Amino acid sequence: MRRFPMVLRFPAVLAALVLAALAAAPGAAAADGPPPHAYHRLDRVGAALAEDPLFVDPDVAQALGAPDRARLRAAIAGTARRLGTPAYVVVIPNPSQSESQGRDDAFLFMLHDRSRRDGLYVMANAHGDLESEAFDVPRRGLSPLDELDEEDEPGAATPADSERPFAGLADRIVRRLDGYAAAPSASPTMPRLYSSPDPFGQEDTLRPDEPEIKAPLLTGLLLAGPAGAAVLYWLGLGVLALRRGGLSRTPNRPRTQRHARARTKPSMRWLRRHGAQDLERLRRLLTTADGERGRAYAVSAYDAAQILYDDAKDDESKAIDLVGAIVLARQGCVALTRDIDSPPSPCLVNPLHGRSVVRKRVRKLEKDHGGALPRQCPLCANCRDIDKRQGLDERRLLQIPGPDGNRPHTLVPGVWRETAWGAHGKTFLPRVMRYLGVD
């Protein structure tokens, strides 16, 4: 009988052991993937886009009349020529029961994955909301739309009148296309979806790790058993093997790691959706990140953000607490990924911009908002550059929705104004925890 050399047999045995360990892990049944019918809608849209770059679902046929469709097709063709890559527009309902669980960004990522076609994708849902993703498009990834995210602008992400979601839809889509086409050229990049919808058929299934992630999180992490550690160890080996083996279907490209485009006038729905995404990202990092210095901050930030998110619900009077949940979740991620025990405070012009990179005086805001802004105001890179070019004014401030309309975040009383979103030092998170009644 022929014997294989030991050098060949050992990797085969090791691979079999790894596969067996992964198969025995909880939830391994999900590895088989969703059934074919789970992708029917995506495949139908993908097939239609192969013939026509504009797809309008029959359920929202009233969204665009014949003249608007002709105009959009011309705009799509012009954008594709200017970008040098395909451009697509999809108008389709996206309910929470869909394959993307109502997440428009997830729908576009799944559509791209199924169709295997790079390019610019713009989507409008049944509420008239716009979402867009640029896959391997040679444009600067961060900011062609920063100026278009105002709710009263033609290229806004949401309609000006929620009772008439399709009014001016064609204008807004054209403006969105033009924003990308006019953006500065850059090396093509691939966007990143920070969290994915639950596996098909498991949308309402409690994941095994969820009880350990509920607040307080630290207890759950400390009680994680050796069995879980063994599964994670073998899973990590498998992931490393795949990465080193170069088995990725697509070539490596630079990837942009960005927050969702920060609005100046976010809606409650936007805040809820992105709050959930940032909380999920931090939850995943807490189960995988190795950093020790930043873990205590990240755990407390997660607990506080989760309480804020759950308590706010859809109450407009607590909209600023949803902003706080997003800021804390992102700070927790920074603490873990950079392994620091005190992440930088966010941009004080708009805390949704992300972490600050510089402190400087903002003279145009000192008169009416100086009481809420420190003399040396933390700014993100984008606000720093804008202030250098033309000066920051009140139009750039984050506007908080409320029962009586929007108002600058600096005029909303409470813990966030008192602490200047952490600009006063390390007392920020402890002060927020006291505000929540958590010791």
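Predicted model: local features only at pLDDT ≥ 70, side-chain atom pairs only at ≥ 80, totals over all residues.
A residue counts as buried when its relative accessible area is under 20%.

**Cysteines**

Cys347 is buried, with a relative accessible area of 0%. Cys380 is buried as well, at a relative accessible area of 6%. A disulfide requires two cysteine sulfur atoms within 2.5 Å. The cysteine sulfur closest to that of Cys347 belongs to Cys383 and lies 3.7 Å away, so it is too far for a bond. Cys380 is likewise in no disulfide, its nearest cysteine sulfur being that of Cys383 at 3.7 Å. The model has zero disulfides by this rule.

| Cysteine | Relative accessible area | Nearest cysteine sulfur |
|---|---|---|
| Cys347 | 0% | Cys383, 3.7 Å |
| Cys380 | 6% | Cys383, 3.7 Å |

**Helices H3 and H5**

How do the axes of helix H3 and helix H5 cross, and at roughly what angle? The axes of H3 (residues 66-83) and H5 (residues 169-182) come within 9 Å and cross at roughly 5°. Angles under 35 degrees count as roughly parallel, which means that H3 is roughly parallel to H5. On the H3 side the contact includes Leu72, Ala75 and Ile76, and on the H5 side it includes Ile173, Val174 and Leu177. Charged residues also take part, among them Asp68 and Arg71 in H3 and Asp171 in H5. The residues of this contact divide into 11 nonpolar, one polar and five charged.

**Strands S2 and S3**

Strand S2 (residues 87-91) pairs with S3 in the parallel sense, over five bridges. Val90 stands opposite Met123 in S3. Strand S3 (residues 119-124) is mostly covered, with six of its six residues buried.

Methods:
Residues numbered from 1 in each chain as written. Heavy atoms only, no water. Buried < 20%, exposed > 50% of the residue type's maximum accessible area, 1.4 Å probe, protein only. Axes fitted to C-alpha atoms, helices over the stretch in contact; angles between N-to-C directions. Helix = DSSP H or I, 4+ residues; strand = E, 2+ residues; numbered from the N terminus. Parallel < 35°, antiparallel > 145°, perpendicular 65-115°, else oblique. Contact = heavy atoms within 4.5 Å. Pairing = 2+ DSSP bridges.
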